[in-house]
Structures are given as C-alpha cells and as structure tokens.
Amino acid sequence: MFQTYSDADHGGDKDSGRSTGAYVVKLGTGAISWSSKLQTIVTLSTTEAEYIAAVAAGQEILWLWNLFSELGYKTKDASTLYIDNQSAVSVAKNPEHHGRIKHLDLRFYWLQDIVDSGQISVVHCPTAKMPADLLTKSLTRVKVGLCRDMLGLAL
C-alpha cells in the first residue's frame, strides 16, 4: 500500500554526535507523510543509525495503516520500506544478523517482528535513488531536484 523511504546521517550533528533520522511515506506518486529529526540516542554505527530511522518509519507505516483502516480502506498487501544500508536491511529481515546492534534497547527489535508478520517488506534501495536523503543532509541542486521528482513534488 505505502512506499516508505528511510535514511539517516550517522553522527551528522557535530555538537552532540547524534544522527538525523528521516522517512518519507508515499501513496501512489506523492508524499503523504514525512519526518526528519535528531535521534534521541548517539548511535555507534551507520547500521544502527539507519535501523533506528527504519523503526520510526515502520511505526509511521502502521499508524497510517490504522488511519486508513478507520476510513474504510483495508489492505492485505505489505507496505514496502526502502533502506539504503544493506546491513540495516539484513538486521530487519534476519534477527541472527544483530551483532552490530545487540546492545540496543529492546524496543528497537519491534521492526523485526513486524517484518516477520508480513505487514512490512524491507527492501534495499541504492543511495542514488533514496529520496529521504533530502531530509538528512545538504545536497547539491541537482540531487535536490532528483529527490523532489522522486517524491512527486515536481513543478
């Protein structure tokens, strides 16, 4: 139903060492929900920062599922969550690949359960095709234009 893109810039805030996590949710060809904010903890790896951003995106997907369900739109199809970090995709799909994030709080393992249940399908997205980059870091004018087009916000 939804196509969601999540991204993070590991340690992007030079003052606190925290990462900016972001996601964009699309329905059809346009963005319907997005968020960009500093993560609440300092992450120790890019995988960890990306995975925490993916958890936030997954929570938004389920909230939107509930909203649309209350409005009478039911779906059985999994929503797709695109992540541009192969390790974070691996961790979300397979709990055995948790060596880099085993120290995280248990609440972050929620995404693995949702992926196992079939509500969310996690897929790798090459960085060049990641529209959520727009919300995590400064980009060139050309990249901003590409992200804008990917989000369905073209003029």
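Me: Which residues of helix α3 (residues 110-117) are buried?

Reply: Please note that this model is predicted. In helix α3, the buried residues are Leu-111, Gln-112, Ile-114 and Val-115. They lie on the same side of α3, because the arc they cover around the axis is only 165 degrees.

Me: Why do residues three or four places apart in an α-helix point the same way?

Reply: An α-helix has 3.6 residues a turn, so residues at that spacing point the same way.

Me: Which residues are exposed on the other side of α3, and what do the buried ones pack against?

Reply: Asp-113 and Asp-116 are exposed on the other side. The buried residues of α3 pack against α1, β4 (79-83), α2 (86-93) and β5 (120-124). Just after α3, Gly-118 takes a positive phi of about 90 degrees.

Me: Which residues of α2 are buried?

Reply: In α2 the buried residues are Ala-88, Val-89, Val-91 and Ala-92. They line one face of the helix, because they fall within an arc of 165 degrees when seen down the axis of α2. Their cover includes α1, β4, α3 and β5.

Me: Which residue caps the N-terminal end of α2?

Reply: That residue is Asn-85, with a side-chain oxygen 3.0 Å from the backbone nitrogen of Ser-87.

Me: Which residues make a nonpolar surface patch?

Reply: Trp-63, Leu-67, Leu-71 and Tyr-73 make such a patch, of about 460 Å². Among them, Leu-67 is placed in helix α1 (residues 46-70). Leu-67 counts as partly exposed because its relative accessibility is 31%, whereas buried means under 20% and exposed over 50%.

Definitions and conventions
Residues are numbered from 1 along each chain as its sequence is written. This is a predicted model: local features need pLDDT of at least 70, side-chain atom pairs count only at pLDDT 80 or more; totals for chains, interfaces and linings use all residues. Side-chain values use heavy atoms; hydrogens and water are left out. Patches are made of residues with over 30% relative accessible area and no salt bridge: like charges are joined within 9 Å, nonpolar side chains (Val, Leu, Ile, Met, Phe, Trp, Tyr) within 5 Å. Accessible areas come from the Shrake-Rupley method with a 1.4 Å probe; for residues, only the protein chains shown count as cover. A salt bridge is a side-chain nitrogen of Lys or Arg within 4 Å of a carboxyl oxygen of Asp or Glu. Helices (H or I, at least four residues) and strands (E, at least two) are DSSP runs, numbered from the N terminus. Buried means under 20% relative accessible area, exposed over 50%, partly exposed in between (1.4 Å probe, protein chains only). The arc is that of the directions from the helix axis to the C-beta atoms. Contact means heavy atoms within 4.5 Å. A polar contact is a pair of N or O atoms within 3.5 Å; within protein, one must be able to donate a hydrogen and the other to accept it, and residues adjacent in sequence count only if both atoms are side-chain atoms.
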